[in-house]
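Let's take a walk through this structure together. Have a look at the sequence and the 3D view first, then read on.

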2 protein chains.
Amino acid sequence: MATHKREEFTAEEQELAAVAKALGHPARVAIVRLLARRRACVCGELVLELPLSQSTVSQHLKELKAAGLVQGEVDGPRVCYCLSPTGWARARQLLDGLLAELPAADYAC
Amino acid sequence: MATHKREEFTAEEQELAAVAKALGHPARVAIVRLLARRRACVCGELVLELPLSQSTVSQHLKELKAAGLVQGEVDGPRVCYCLSPTGWARARQLLDGLLAELPAADYAC
DNA sequence: TTTGCTTATCGTCGATTTACGATTGCAAAG
DNA sequence: CTTTGCAATCGTAAATCGACGATAAGCAAA
């Protein structure tokens, strides 16, 4: 029995869905906002700021990294995270693309 | 054992995450795009256009409706779906809000 | 090398998602 | 009233998610 059929959609749809999915959890939205505010590359500080354990935060970071929205660089014993400019440029493009496809405002059933 | 901690984030973060999550599947992105193109309220036509069964499409529509992005109205034996102007206005607001928080482009680790 | 700190990964558990067929529900038509 | 057709819901199964503690891995300093 097939449980997933993602392959049957366009590459753009999959890409947009992947970005959206990465943002589809409050913790990951919060992480992005934290990284945006203190644009310096925090790392374990995220754990302090979030009501989650270290391993959970690490998991969320991994997903954001997989979606290309976040970069991490090793800096001695700690890891330096920051938002990925290219990843967010693409995300913007995809989101704006979708929003641009929507009818203006005068639609109804 | 706690499996979900959504409660610990701001209302906006949760709201944005909910919208993103609704868009976090290629089928739902495809549905939104279909509804945007043929702004007329299709219904079972979606099933014809998508590589998914009727029940699966119905499930996805339910999730989009729960996220406030889609409206459905019964019209005789069929159901008429269309995008929700207010829902998308809010979605735009939330997404733009997040994108506006991000540093311009000159950031790096 | 050993210690200590930071982060990643592993293993686990329950909850949720994704998908389907089958069934139910409902409204118009006959 | 019964049939017909469309859509929602139910039940189910596999996969993924979300969270945690525990453990491993990496690096710097002692």
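## A hidden space

By the rule used here, the count comes to 1 cavity of 30 Å³ or more. What is a cavity in this case? On a 1 Å grid over the protein atoms alone, a cavity is a set of points where a 1.4 Å probe fits but cannot get out, and lining residues have an atom within 4 Å of a point. The largest cavity has a volume of about 50 Å³, where grid points are joined across faces, edges and corners, and the volume is the space filled by probe spheres set on the points.

Who sits around the largest cavity? Its lining is made of A:Leu16, A:Val19, A:Ala20, A:Leu23, A:Leu95, B:Val19, B:Ala20, B:Leu23 and B:Leu95. The elements giving two or more residues to this lining are helix 1 (11-22) of chain A and helix 1 (11-22) of chain B. Helix 1 of chain A gives the most, with 3 residues. By class, the lining has 9 nonpolar, no polar and no charged residues (Ala, Val, Leu, Ile, Met, Phe, Trp, Tyr, Cys and Pro count as nonpolar, Asp, Glu, Lys and Arg as charged, and the others, Gly among them, as polar).

## How to read the model

This is a predicted model, where local features need pLDDT of at least 70, side-chain atom pairs count only at pLDDT 80 or more, and totals for chains, interfaces and linings use all residues. Residues are numbered from 1 along each chain as its sequence is written, chains are lettered from A and ligands numbered from 1 in the order in which they are written, and side-chain values use heavy atoms, with hydrogens and water left out.

## Two copies

Turn chain B by 180 degrees, with a shift of 0.0 Å along the axis, and it can be laid on chain A with an RMSD of 0.0 Å (superposed by least squares on the C-alpha atoms of residues with pLDDT of at least 70 in both). The two copies are thus related as by a two-fold rotation axis. Among the residues of chain B, B:Ala20 comes closest to that axis, at 2.3 Å (C-alpha).

## Inside chain A

Chain A has 5 helices and 2 strands, in the order α-α-α-α-β-β-α from the N terminus (helices, H or I, at least four residues, and strands, E, at least two, are DSSP runs numbered from the N terminus). Buried residues make up 44% of its 109 residues (buried means under 20% relative accessible area, with a 1.4 Å probe and protein chains only).

A:Cys82 lies in strand 2 (residues 78-83) of chain A. Is A:Cys82 buried or exposed? At 2% relative accessibility, A:Cys82 counts as buried.

How values were computed. Buried < 20%, exposed > 50% of the residue type's maximum accessible area, 1.4 Å probe, protein only. 1 Å grid on protein atoms, 1.4 Å probe; cavity = no way out; pocket = protein on both sides within 12 Å on 5 of 7 lines; lining within 4 Å.
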